[in-house]
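Here are a few friendly notes to read alongside the model.

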Amino acid sequence: MRKNTSGNLAPIIDILRSIEQLSELANSYNNSFEFYNASDHMLFNNSLSLLVDIGVASKRVSNNIKEDHPEIPWQVMKHFIGVTEKESTLLNREILFDLIKDKLPRISGILEEVILSELGNKNFDTEEYQNYSANNTNFYSELEDSIQD
C-alpha cells in the first residue's frame with residue numbers, strides 16, 4: 001500500500017530554497033563576526049528569518065517522510081522557529097554561522113536525494129514538482145536533469 005506523502009514536496013522544496021538563500025547570504029564571509037556585522041546586521045537578521053522559514057516548512061512535512069528519512073534532523077529544524085536576534089549571543093552566532101555555512105548545505109544534499117527517491121518511487125507527483133519549481137534555480141535545473149536520466 002502506498003503511503004500518503006502528498007503535500008510533502010512543497011515544504012521540502014521550501015526548505016531547500018531557504019538553505020540556498022542562506023548559503024548565498026553567508027557565501028562571502030569567513031566568520032560569524034563579519035557576517036553578523038555586515039550591512040548593519042541586515043544579513044544576519046535575514047538569515048534568522050530564513051531559519052524560521054525552515055522551521056515552519058519542516059513542521060509541514062508528514063511523519064511518514066520523517067520516519068522514512070531519519071538521517072534528516074527534522075526535530076532540530078522544527079526548533080528553528082524560535083530563533084531570534086534577541087537571543088543570539090556571541091556563542092550562538094558562531095553556532096548559527098556554522099549551521100549556515102556547513103551543516104545546512106549537507107542537509108540540502110540529503111533533501112535533494114529524498115526528492116529524487118520519492119519522485120522515482122512515485123510518492124511525489126512529477127507534475128506537482130514541475131509546477132512548484134517553475135522558477136528554477138541551478139539546483140532545480142540540475143535536479144530536473146537527474147530525473148530525466
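1. Starting with the surface: the chain has an accessible surface of about 8400 Å², and carbon and sulfur atoms make up 49% of that. Please keep in mind that this is a predicted model. Of its 149 residues, 41% count as buried.

2. On the fold, the chain has eight helices and zero strands. Among contacts with a separation of 6 or more, 77% join residues 24 or more positions apart.

3. Helix α3 covers residues 42-60, and its 19 residues should span 27 Å at 1.5 Å a residue; the end C-alpha atoms are 28 Å apart, which agrees. The buried residues of α3 include L43, F44, L48, L51, I54 and A57.

4. The whole structure holds four salt bridges. One of them pairs D14 with R60, with the closest N and O atoms 3.2 Å apart. D14 sits in helix α1 (residues 9-26) and R60 in helix α3, so this pair ties together parts 46 residues apart in sequence. D14 is buried at 19% relative accessible area, close enough to the 20% cut-off to be worth a glance, whereas R60 is partly exposed at 43%.

5. Relative accessibility is 37% for K103, 32% for D98 and 25% for D102, and each counts as partly exposed. Through shared partners, salt bridges join D98, D102, K103 and R106 into one network.

How values were computed. Residues numbered from 1 in each chain as written. Predicted model: local features only at pLDDT ≥ 70, side-chain atom pairs only at ≥ 80, totals over all residues. Heavy atoms only, no water. Helix = DSSP H or I, 4+ residues; strand = E, 2+ residues; numbered from the N terminus. Buried < 20%, exposed > 50% of the residue type's maximum accessible area, 1.4 Å probe, protein only. Contact = heavy atoms within 4.5 Å. Areas by Shrake-Rupley, 256 points an atom, 1.4 Å probe, with all protein chains shown as cover. Expected span 1.5 Å × (residues − 1). Salt bridge = Lys/Arg side-chain N within 4 Å of Asp/Glu carboxyl O.
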